[in-house]
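Please keep the sequence and the structure in view while reading.

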Amino acid sequence: TDKKNRWADVPESLHLLTSKMRACARCKGLELGPKPIFQLDERVKVLIAGQAPGRLAHTKNRPFDDPSGDRLRNWLGVDRFTFYDDKRIGIFPMGLCYPGSGSGSGGDKPPMKTCAATWRLPVLQALGKVELTLVLGRYAIAWHLPYLRDRPVTEAVRRSSEGRKGIFVLPHPSPRNNMWLKKNAWFEAQVVPRIRSKMAQVLDNTAVQ
């Protein structure tokens with residue numbers, strides 16, 4: 001029993017976890033069925049913590065391959081090749097599968113809660129080299145920065161704008177947020193340069209494949 005308890009405290013390897021996640025079908029009844037989408041490697045130094053894949057990401061089987069991704073890459077100061085092929089950049093949303101379309105608002109449903117409850121902590125424990133975490137959206141804020149759980153996203157973005165402890169909160173780069181960006185021009189004027197600087201520092205302007 002002592003031996004069993006001792007090994008229970010050893011984190012699972014990222015390889016084993018990603019294999020389990022790719023085969024995961026816990027969430028029954030999803031609009032388009034389960035298709036976990038993420039980008040993880042043991043070498044990850046920059047972790048993008050988003051919400052959940054959208055319909056287009058589900059179709060393409062690739063996250064942020066859309067106008068939102070173009071804006072995000074611009075904020076980070078990296079090109080498409082670096083974003084998708086540099087193993088030091090990881091993408092790990094709160095929900096791994098497209099949750100389906102929401103009613104009324106035109107947006108998507110929230111990430112499935114069971115997803116983060118099952119996978120998030122084990123995966124983050126297996127990632128031992130993360131130096132920069134980019135948090136997108138209120139569900140990711142609630143998990144990564146629980147003291148900001150009930151605060152407006154604008155406040156969370158502002159309070160993390162110095163990147164303390166290697167964490168920045170970003171507004172979602174969706175075109176739906178064009179008005180927010182116009183009203184909060186300080187984000188792209190002041191915070192984005194800090195994010196780009198930290199990205200360049202972490203990646204040392206070199207690509208690792």
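The model is a predicted one. Its largest pocket holds about 1,100 Å³ of space, and its second largest pocket about 220 Å³. A search of the whole structure also finds one cavity of 30 Å³ or more.

**The largest pocket**

- The lining of the largest pocket is made up of 35 residues. Those nearest its centre are Gln51, Asp108, His172, Ser174 and Arg176.
- Two helices, H3 (55–60) and H7 (138–144), each provide at least two residues of this lining. Helix H3 gives the most, with three residues.
- Sorted by class, the lining of the largest pocket comprises 18 nonpolar, 11 polar and six charged residues.

**The second largest pocket**

- The residues that line the second largest pocket are Met94, Pro110, Pro111, Met112, Lys113, Ala116, Tyr139, Ala142, Trp143 and Arg149.
- Helix H6 (113–126) and helix H7 are the elements that contribute two or more residues to this lining. The largest share, three residues, belongs to H7.
- Eight residues of the lining of the second largest pocket are nonpolar and two are charged, while no polar residue is present.

**The cavity**

- The largest cavity has a volume of about 110 Å³.
- Its lining consists of 13 residues, and Cys24, Cys27, Leu96, Cys97 and Cys115 are those nearest the centre.
- This lining of the largest cavity divides into 10 nonpolar residues, two polar residues and one charged residue.

**Helix H4**

- Helix H4 spans residues 67–76, and its buried residues are Ser68, Gly69, Leu72, Arg73, Trp75 and Leu76. These residues lie on the same side of H4, because they cover an arc of only 155° around the axis.
- An α-helix has 3.6 residues a turn, so residues three or four places apart point the same way.
- The cover over the buried residues of H4 includes strand E1 (46–49), helix H5 (80–85), strand E3 (132–136), strand E4 (167–170), helix H9 (178–183) and helix H10.
- At the N-terminal end, H4 is capped by Asp66, which has a side-chain oxygen 3.1 Å from the backbone nitrogen of Ser68.
- After H4 comes Gly77, with a positive phi near 75°.

**Helix H2 and Thr18**

- The buried residues of helix H2 are Leu14, Leu17, Thr18 and Met21. They fall on the same side of H2, because the arc they cover around the axis is only 95°.
- The buried residues of H2 pack against helix H6.
- Thr18 is located in H2, which runs over residues 14–22. Thr18 counts as buried because its relative accessibility is 7%, and buried means under 20%.
- With neighbours within four places in sequence set aside, Thr18 is in contact with Phe38 and Leu40.

**Gly50**

- Gly50 is found in the loop between strand E1 and helix H3.
- The relative accessible area of Gly50 is 6%, so this residue is buried.
- When residues up to four places away in sequence are not counted, Gly50 touches Phe92, Pro93, Met94, Leu136 and Ala140.
- Although Gly50 and Leu96 are 46 residues apart in sequence, their C-alpha atoms are 9.7 Å apart in space.

**Arg194**

- Arg194 belongs to helix H10, which covers residues 186–203.
- The relative accessibility of Arg194 is 29%, so Arg194 counts as partly exposed.
- Neighbours within four places in sequence aside, Arg194 is in contact with Ser161, Glu162 and Phe168.
- Arg194 and Phe38 are 156 residues apart along the chain, and a distance of 25 Å separates their C-alpha atoms.

Conventions:
Residues numbered from 1 in each chain as written. Predicted model: local features only at pLDDT ≥ 70, side-chain atom pairs only at ≥ 80, totals over all residues. Heavy atoms only, no water. 1 Å grid on protein atoms, 1.4 Å probe; cavity = no way out; pocket = protein on both sides within 12 Å on 5 of 7 lines; lining within 4 Å. Points joined across faces, edges and corners; volume = space filled by probe spheres on them. Helix = DSSP H or I, 4+ residues; strand = E, 2+ residues; numbered from the N terminus. Nonpolar A, V, L, I, M, F, W, Y, C, P; charged D, E, K, R; others polar. Buried < 20%, exposed > 50% of the residue type's maximum accessible area, 1.4 Å probe, protein only. Contact = heavy atoms within 4.5 Å. Arc of directions from axis to C-beta. Polar contact = N/O pair within 3.5 Å; in protein donor to acceptor, adjacent residues only side chain to side chain.
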